Amino acid sequence: MTFEEMVHGVLQGKPFFYKEDKDELPDLEYLVAKIPASHLIFADPLDHGQGDPKPWGAVFRSHVLRLLKGWNNCTALETYLEGNEELQHELGFDGMPDQSTLWRAWNDRLSDVREAVRTAAEVVVEVAREWGIPAPESEFEPDDDDSTREKSTKTLARENARDVWKGAKPIVTDCFELHRADNASIPEAAYWEQHAYLGMRTDAHAHDGAENFAEDSTRDLTPCGDSHRLQTADLGVESVRQMLRETSRTLVARAKSKGKIGREVITSIDITKGKPWRGHIERDDSGNNLERWKLGYKNGDTHYFQWAVIKVVGHDVPIVLDAVPVHRGYAREDIVDDLLEGATDVLPGLDLVMMDREFAHDGVKESCEDHGIAYLNPGKVRSSSDHAYHIGRLDNGDKDFDVVEQERLGDRPSRKAIYLPKREWEREDEDDEEDSGPAVRQEMLDDFEEIGGDTEPLSENRDSNSPFGKLLDDMRDEEKQESEKVEAPIIPFETNYDLVDVDPEDEQEMKHQIGRMMAKYKRRWGIENAFKKLKKFLAATKSPDHRYRYFNFTFACVLYNCWRLVDVLTQLEVNGSVGDEPLVTANLFLTLAKKNYGIPPPE
């Protein structure tokens, strides 16, 4: 049964019983109040461990009502509800919601089920017309942003365009420093302005971009392309990384001053790659790649420079905290250890780090434990492993949810495995040419396609103290050994997070705990989306120097962080709150910054 069919089935007979009882037909508000929304609860990304959120069903139904009334903003909805306490109660509210709560609900909690909201509104209209209840005559699909808000956002962004560099330049000039002689004639800030100029233009390499910058800049002296590459590459990896952390620390301080870094900070770690390397690859007599920094990817025929990143995700300001270049032999546990060391230096008190299955190694878990940070990641499954055993046990017992404490030697922190199905429900109308309603997905794995399908085998019957553990992990990463794969109907996750109890009061509470953890893990996609946006700021280069490549990437991280800060400040001024969707898009930020890179330098 699709969600549309479910809503229609629930509402279809309601007017009949209402008329039998009241001797009159109900209004649209009555039908809206009867919409079933509880089974969508696991799409709710809000952390219910903090604060006092309004009931899920109430905010869902209230926005169905907003669409029915044709209101493009939440102010009209708030005014309507404020004068009708009975309607508030019927919708499911336990108190009057304010405008910011309703706005955040649409832009945050309901962001993944907006189609369900629209579908429910369409069903209400359909049922109303069947019974002769007054309903909107035309299709209603109002834009999320009305023209006034869109205009005010763009106007505000443009008005603040000149302030972009006034705010961003000090962050860079205070935290970045070149290793040059005291009698250098070209101002140091010119290098940072020039690299920002390169990152904001398509295919602007150092040589050609330097010439264009010299023509466009208001400065009398600007660096040539060769000097630009040499000076920035000579900074070295450790020095550039320290500068990145300094800029991140400055941005975190500003975010905290705006109250946009919460009590619980969730981060994500992942690896990204630059454009394919088309140049020479040094190989041995057997054809094996001898390059340390140019790494193969998947089939090994294409090579890339790669970087590992740790980034704040979730409801806080999405700032890149640290990044390191990845080289051959750099074990995953060492990457995690280095990034957590840098990130906790920038933002102490991190609570949770989330990773994909690529980091499902015992050494990675131990690195997280050493830093006192909880981890959450999908587990790997191999035949004869603990995961395979528990999956088989659940399958045989007609059970698809469970939390199991993993055995550990000695007195060590508890580790838990969470088991849940890939999907509990599938759409039945996949042949429809148009998507008339939302896909009714499995409750807890709404957007986790990346962890479906065959799972890569990995033995888990070894303790993290084993002297062979790290060696075996590296071998499995470097060599694609043939081994038996397991098609698991149930997905394992691994965590040491104390929110999950291995012995909850009842099965329903266990499902709620698992649901909350999956809502957290869903936010890991924030780092994937960041990589797509971040590369818009990445200057083009064909340089084989990994140091220049790394500087190029870290500077793109700085520009990305500046963009997110500008967007947060704009959202706060326009809406009084911050949602997940930016108001100042990366493209708009680039456009505005391009026009204002030439602000005369400070005295």
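The model is predicted, with local features requiring pLDDT of at least 70 and side-chain atom pairs pLDDT 80 or more, while totals for chains, interfaces and linings use all residues. Residues are numbered from 1 along each chain as its sequence is written, and side-chain values use heavy atoms, leaving out hydrogens and water.

Colleague: How many disulfides are there?
Modeller: A disulfide is a pair of cysteine sulfur atoms within 2.5 Å. By this rule the count is 0.

Colleague: Is C368 buried or exposed?
Modeller: Buried means under 20% relative accessible area, exposed over 50%, and partly exposed in between (1.4 Å probe, protein chains only). The relative accessible area of C368 is 0%, so C368 is buried.

Colleague: At what angle do α12 and α13 pack?
Modeller: Axes are lines fitted to C-alpha atoms, for helices over the stretch in contact, and angles run from 0 to 180 degrees between N-to-C directions. For α12 (residues 206-216) and α13 (residues 225-233), the axes are 7 Å apart and the angle is about 115°.

Colleague: Which residues of α12 and α13 make the contact?
Modeller: Contact means heavy atoms within 4.5 Å. The residues are A206, H207 and A210 of α12 with G225, H228 and R229 of α13.

Key: Helices (H or I, at least four residues) and strands (E, at least two) are DSSP runs, numbered from the N terminus.
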